[in-house]
Amino acid sequence: MKKRNSILLLSLVFITFTACAKSKSSTVKPAEVEAARQAVLNPEIEKLNRVLVSMSPRCKAAISNGDAEEFLADLKKVLATRSDFSNDDLSPFFLIDKTHKVSADYEPKGLIHLEKNDLYAINKNNLSLRPEAFNALQVLATAAKKDGVTLTVSSTYRSYDYQKNLFDYWVSVDGLEEAERESARPGTSQHQLGMALDFAPVDDAFDQTPGGKWVYENAAKYGWSLSFPKGYEDVTGYRWECWHFRYIGVEACKFQKKWFSDVQQFMIEFINCWLETN
Ligand SMILES: [Zn+2]
C-alpha cells in the first residue's frame, strides 16, 4: 500500500518515528512506519524534513499540504532554471531582506539602460536592469501591450549610494519608523540586484489602474513576482507594495503560488535553506 503523505505530515511522522524508535513501547501505526521508512530510504525526503523543521513557524504554516515527491520534482525544475541566468552574477533566488545584505560595492554585471521605446513608458532617464530582467520586461510589456495596457516603469536598479540617499530622504520626511516600512536601508534593497522594478504610480493607487490590474493578473505568467504582498509586513519587513515586482522566472512563480501561499519571501527563504543544507 502506497501512502501519499503531505510534506508537513511526513515531517511530523518522521520526527515521531525517530522519537518512538528509541522507546521500548512503540505505538507507531504501520502506515506511519512505512512513511518514515520511505523518508529514510529517500535521502531527499529526509533532507526535506530537516529543512522544513528549520523553517519559521509562519513559513511552515504557509506551505501547502501535498505529496513530498511532487514538491521535490517542482523544486528541481525551479533550481534548473538557474542556468537561464548568468552564472557570473548573483543567483536569481539570492536572499536579500532586512537581515540579508549585499556589499556596498555590489553592482550587477552588464546592466542595460532602459531607453524610450514603444512597448512601455519610462518616467526617468537613469533606469537600468540586469540583462535577464531587461529581457523579461520586454516580454511582459509586449503581452500587456497586446491587451491594450501600457506599463510605466518608475524605478529599477539602484546603487548602494542611491539607496542610501533615498532611505535618508524618507527618514527625513516620515521619520525612521515609518520609513522602515517602505524604504530599504542601503545594501538590503532588491533594487540593488538589478532584478526588481517599480511600476508607476508608486503608491496604493497603482492597484486600481489598468496597469496595476493587468500585472496583478498576469505578471507571474512572465516570471515577475510581487515581493511585498498585503498582510505580510511581519514576514517581508515591508508594507504592501503593489507596484514592486522582482523577476525570478516563470517556474519559480509557479512554485511560489503552488506551495508557498504565493509569498516570495517564504519560497526564497526555503530555497536558500535547501541549498545551504547538506
Ligand atoms: Zn521597489
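# A tour from ring faces to the zinc site

Select Lys 230 and Trp 240: the lysine lies over the face of the tryptophan, at 4.1 Å from the ring centre. Keep in mind throughout that this is a predicted model.

**Stop 1: another lysine over a ring.** Now select Lys 47 and Trp 274. Lys 47 sits over the face of Trp 274, and the distance to the ring centre is 4.0 Å. Thr 277 touches Lys 47, along with Arg 50 and Val 51, leaving aside residues up to four places away in sequence. Look for Thr 277 in the segment after helix H12 (264-276). Is Thr 277 buried or exposed? Its relative accessibility is 19%, and the cut-off for buried is under 20%. Thr 277 therefore counts as buried.

**Stop 2: the ring cluster.** Go back to Trp 274 and show its aromatic partners. Trp 274 belongs to a cluster linked by ring pairs, together with Phe 71, Phe 255, Trp 259, Phe 260 and Phe 270.

Stop 3: The model holds 15 aromatic pairs. Pick Phe 199 and Phe 245 from among them. This pair is edge-to-face, with 5.8 Å centre to centre and 65 degrees between the planes. It links distant parts of the chain: Phe 199 is in strand E5 and Phe 245 in strand E7, 46 residues apart. Phe 199 and Phe 245 are both buried.

Next, select Phe 228 and Tyr 238. Here the rings are tilted, at 55 degrees between the planes and 4.9 Å centre to centre. Phe 228 is in the loop between strand E6 (224-226) and helix H10 (233-236), while Tyr 238 is in the loop between H10 and E7. Phe 228 has a relative accessible area of 7%, so it is buried. Tyr 238 is buried too, at 4%.

**Stop 4: the zinc ion.** Which atoms are they? They are NE2 of His 191, two OD atoms of Asp 198 and ND1 of His 244, lying 2.0 to 2.8 Å from the zinc ion. Along the chain, the donors follow the spacing H-x6-D-x45-H. His 191 is in the loop between helix H8 (176-182) and strand E5 (196-199), and His 244 is in strand E7 (residues 244-247), so the two tie together parts that are 53 residues apart in sequence.

Why is the arrangement irregular? The four donor atoms subtend angles of 51 to 148 degrees around the zinc ion. A tetrahedral site needs all angles between 85 and 135 degrees. Both histidines are worth a surface check. His 191 has 3% relative accessibility and therefore counts as buried. His 244 is likewise buried, with a relative accessible area of 3%.

**Stop 5: the nonpolar cores.** Select the largest nonpolar core, which has 34 residues. Those with the most contacts inside it are Leu 114, Leu 137, Leu 151, Phe 199, Trp 214, Val 215 and Trp 224. Helix H6 (131-146), E5, helix H9 (210-218), E6 and E7 each give two or more residues to this core. H6 provides the largest share, eight residues.

Zoom in on Leu 137. Not counting residues up to four places away in sequence, Leu 137 touches Leu 114, Tyr 120, Leu 129, Val 153, Leu 197 and Trp 224.

Finish at a second, separate core of 31 residues. Its members include Ile 248, Phe 255, Val 263 and Cys 273. Phe 255 is also one of the residues in the ring cluster from Stop 2.

Key
Residues are numbered from 1 along each chain as its sequence is written. This is a predicted model: local features need pLDDT of at least 70, side-chain atom pairs count only at pLDDT 80 or more; totals for chains, interfaces and linings use all residues. Side-chain values use heavy atoms; hydrogens and water are left out. Donors are N, O and S atoms within 2.8 Å of the metal (3.2 Å for Na, K and Ca); water is not among the atoms, so sites may look incomplete. Four donors count as tetrahedral if all angles lie between 85 and 135 degrees; four count as square planar and six as octahedral if opposite donors are over 155 degrees apart and all others between 65 and 115; anything else is irregular. Helices (H or I, at least four residues) and strands (E, at least two) are DSSP runs, numbered from the N terminus. Buried means under 20% relative accessible area, exposed over 50%, partly exposed in between (1.4 Å probe, protein chains only). Contact means heavy atoms within 4.5 Å. Rings of Phe, Tyr and Trp (its six-membered ring) pair if their centres lie within 6.5 Å; planes under 30 degrees apart count as stacked, over 60 as edge-to-face and the rest as tilted. A charge sits over a ring if NZ of Lys or CZ of Arg is within 6 Å of the ring centre and within 35 degrees of the ring normal. A nonpolar core is a set of buried Ala, Val, Leu, Ile, Met, Phe, Trp, Tyr and Cys residues joined through side-chain atoms within 4.5 Å.
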